[in-house]
Number of protein chains: 2
Amino acid sequence: MRELGYVYNRGAASLRTRRTTTVGVVVTDIANPFFGELLVGLESALAEAGFRSLVVASSDNPVRQDELVNELREYQVAGLAIMPATGSSRSFLEGLEASRMPHVFVTKYLEGMPAPYVGPDDRLGGRLAAQHLLAHGCQTYAFVGGFSGHLSRRDRIEGVRSALREAGLEPDRFTEIESASNGAGGLEAGKRLLQARQLPEAIICQSDGVAFGVYRALREAGRASEVRVIGYDDVRTAALWEPPLTSVATHPERLGRAVAELLLEEIATPSGGVTEKIFAPELMVRESCGCHGVPSSL
Amino acid sequence: MRELGYVYNRGAASLRTRRTTTVGVVVTDIANPFFGELLVGLESALAEAGFRSLVVASSDNPVRQDELVNELREYQVAGLAIMPATGSSRSFLEGLEASRMPHVFVTKYLEGMPAPYVGPDDRLGGRLAAQHLLAHGCQTYAFVGGFSGHLSRRDRIEGVRSALREAGLEPDRFTEIESASNGAGGLEAGKRLLQARQLPEAIICQSDGVAFGVYRALREAGRASEVRVIGYDDVRTAALWEPPLTSVATHPERLGRAVAELLLEEIATPSGGVTEKIFAPELMVRESCGCHGVPSSL
DNA sequence: CTGAAAGCGCTTACAG
DNA sequence: CTGAAAGCGCTTACAG
């Protein structure tokens, strides 16, 4: 027909119908492989419903996050998936609610503020890691990575603590080390750990990246074999690591799909409800925890 | 003022001005850490100019890529940054040109078809890796990862070959192994390598992910110390790897910024030209190549 | 059932 | 210099 250059203008259509098929996604860091995998699931589920995503990065800065959300609103996005920046204020959520913009929080929620949410059960994740290490007979523990403001970190630590308590371990057998949740943070935290009089027998990390960094620090000191390490997220490289990294799998791609589904529902029939989809993580036992001869697989 | 709920409608403005501040980005795989880092640079340079990006994934499928580009056009994007899917046809580029849509190809170009392009000098990357390994005295070489359709792979191999030739090595000292350009592909290729009568002395990989997979295969066979390995891209985990991975750094974030700059230029003043920005890669010498005692740093 | 008109929310060119 | 009107490209409700 007029396929000599005609292209349908969705913008015009959106203006008329007052609906768009674009969804805004605010992540803290696109380069984080965990988010990368999550976005894969999110985008493909969105695409199946004929939606696109506009993804922006807040650099974990609440002020920037505010600007980005406002800008996304100007784009008339149909909804918002947000991994809230650390320190997001109560008024941030209130603003979202007041605007009646469908939204779902991802992997991080706002303290004491009910909102639609998709994420892993971090308390359980922490417990799973600790219980396995307990079974290995470890007596001293460290949790490495993340900062005290991070809710996911707090929950994981709570899970670890509860498992240790149940096993009758004294609280002073457990230390927390803060650091950025990536390789660089882990490396630096590992160095700090090495300066202490004694290495913990077990280290549970906030992410696999942190575990990678911790290992590098340990290796340089020639002490990698003295500790058992468990990572978090089960990113693709975890299974290839030496030793193959035992990790708490959160299945980011599945989380991403769930986010899309919940958001799409919220867009189709705004409930104003606060549905939560919490997924149970799974401990991928490999060798860094001290287990041996586990067959390799991805 | 009327900040009681008013939000500016960019869609309406775009309709009127016939200009948008949205740019389409087509990648083959969002989860690939190389692309993740590239997107960081791309998005931040775009943001500085007041632009946003709509990123979509083609899964390296040319048909899907076509659909996505058409859809992006319907969104009236101001321009397109494309990492073309393997096997993208000549008519794909012709269609782009006919539509007068500003575009730039990223990290992969179309065989014999001049177009605006940003990417690393892959021939040089291959040479750099081979020359270093040659200096280590290696006599047999393998290039692992990617498929024969990939131009970047072909160029890197050409670079490797030219260096080996100059060093007087016979062509039969060099083999090519195809595999997916990620960890899973490297693992599988590594296993194939182990089945051959003899391991090459040096392995150059299409990506760091491939190198990680190769190492896992080698380790399981207890033969990791027999070969020297060099990765490609210098992804963040490369420096943390055991042994710290020597890698050809392509500085993806810098590439991303360059893409944004070129595209923004093309949007501001459509030249119809075919500017190319080729960046020289840099060999990050660490220990997997056989060097020792290189101080750790990210 | 078909076709012309109105209107979504902006910007820009034009009249007063 | 200010204010009202036209129009971007669609869709939808309405008149014929």
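At 73% relative accessibility, Arg100(B) counts as exposed; exposed means over 50% relative accessible area, buried under 20% and partly exposed in between, with a 1.4 Å probe and protein chains only. Everything here comes from a predicted model, in which local features need pLDDT of at least 70 and side-chain atom pairs count only at pLDDT 80 or more, while totals for chains, interfaces and linings use all residues. Residues are numbered from 1 along each chain as its sequence is written, chains are lettered from A and ligands numbered from 1 in the order in which they are written, and side-chain values use heavy atoms, with hydrogens and water left out.

Let us stay with Arg100(B) for a moment. This residue is found in the loop between α4 (90–98) and β4 (103–106) of chain B. Helices (H or I, at least four residues) and strands (E, at least two) are DSSP runs, numbered from the N terminus. Most residues other than glycine have a negative phi, and most peptide bonds are trans. Arg100(B), although not a glycine, has a positive phi of about 55 degrees. Asp234(A) also has a positive phi of about 55 degrees without being a glycine, but Asp234(A) is buried, with a relative accessible area of 18%. Its place is the loop between β9 and β10 of chain A.

That loop, between β9 (228–233) and β10 (246–249) of chain A, also holds Pro243(A). A cis peptide bond joins Glu242(A) to Pro243(A), with omega about -5 degrees. Chain B has a cis bond from Glu242(B) to Pro243(B), where omega is near -5 degrees, and Pro243(B) sits in the loop between β9 and β10 of chain B.

Now for the place where the chains meet. How many residues does the contact take from chain A and from chain B? It takes 48 residues from chain A and 48 residues from chain B, where contact means heavy atoms within 4.5 Å. Between them, chain A and chain B bury about 4200 Å², with 61% of it on carbon and sulfur atoms; buried area is the accessible area (1.4 Å probe) that two parts lose on being put together, summed over both. The interface of chain A and chain B has 8 salt bridges, a salt bridge being a side-chain nitrogen of Lys or Arg within 4 Å of a carboxyl oxygen of Asp or Glu. Arg219(B) forms a salt bridge with Glu242(A), and their closest N and O atoms are 3.7 Å apart. On the side of chain A that touches chain B, the elements giving two or more residues are α1 (10–17), α2 (33–48), β2 (52–57), α3 (62–74), α7 (183–195) and α8 (208–220) of chain A.

Charges and rings meet as well. The charged end of Arg10(A) sits over the ring of Tyr75(B), 5.0 Å from its centre; the rule asks for NZ of Lys or CZ of Arg within 6 Å of the ring centre and within 35 degrees of the ring normal. Arg156(A) lies over the face of Tyr232(A), at 3.5 Å from the ring centre.

Rings also pair with rings. Over all chains, the structure holds 11 aromatic pairs; rings of Phe, Tyr and Trp (its six-membered ring) pair if their centres lie within 6.5 Å, and planes under 30 degrees apart count as stacked, over 60 as edge-to-face and the rest as tilted. Phe92(A) and Phe105(A) form an edge-to-face pair, 6.5 Å centre to centre and with 70 degrees between the planes. Because Phe92(A) lies in helix α4 (residues 90–98) and Phe105(A) in strand β4 (residues 103–106) of chain A, the pair ties together parts that are 13 residues apart in sequence. Both Phe92(A) and Phe105(A) are buried. In chain B, the ring centres of Phe212(B) and Trp241(B) are 4.2 Å apart and their planes are at 20 degrees, so this pair is stacked. Phe212(B) lies in helix α8 (residues 208–220) of chain B and Trp241(B) in the loop between β9 (228–233) and β10 (246–249) of chain B, so the pair ties together parts that are 29 residues apart in sequence. Both Phe212(B) and Trp241(B) are buried.
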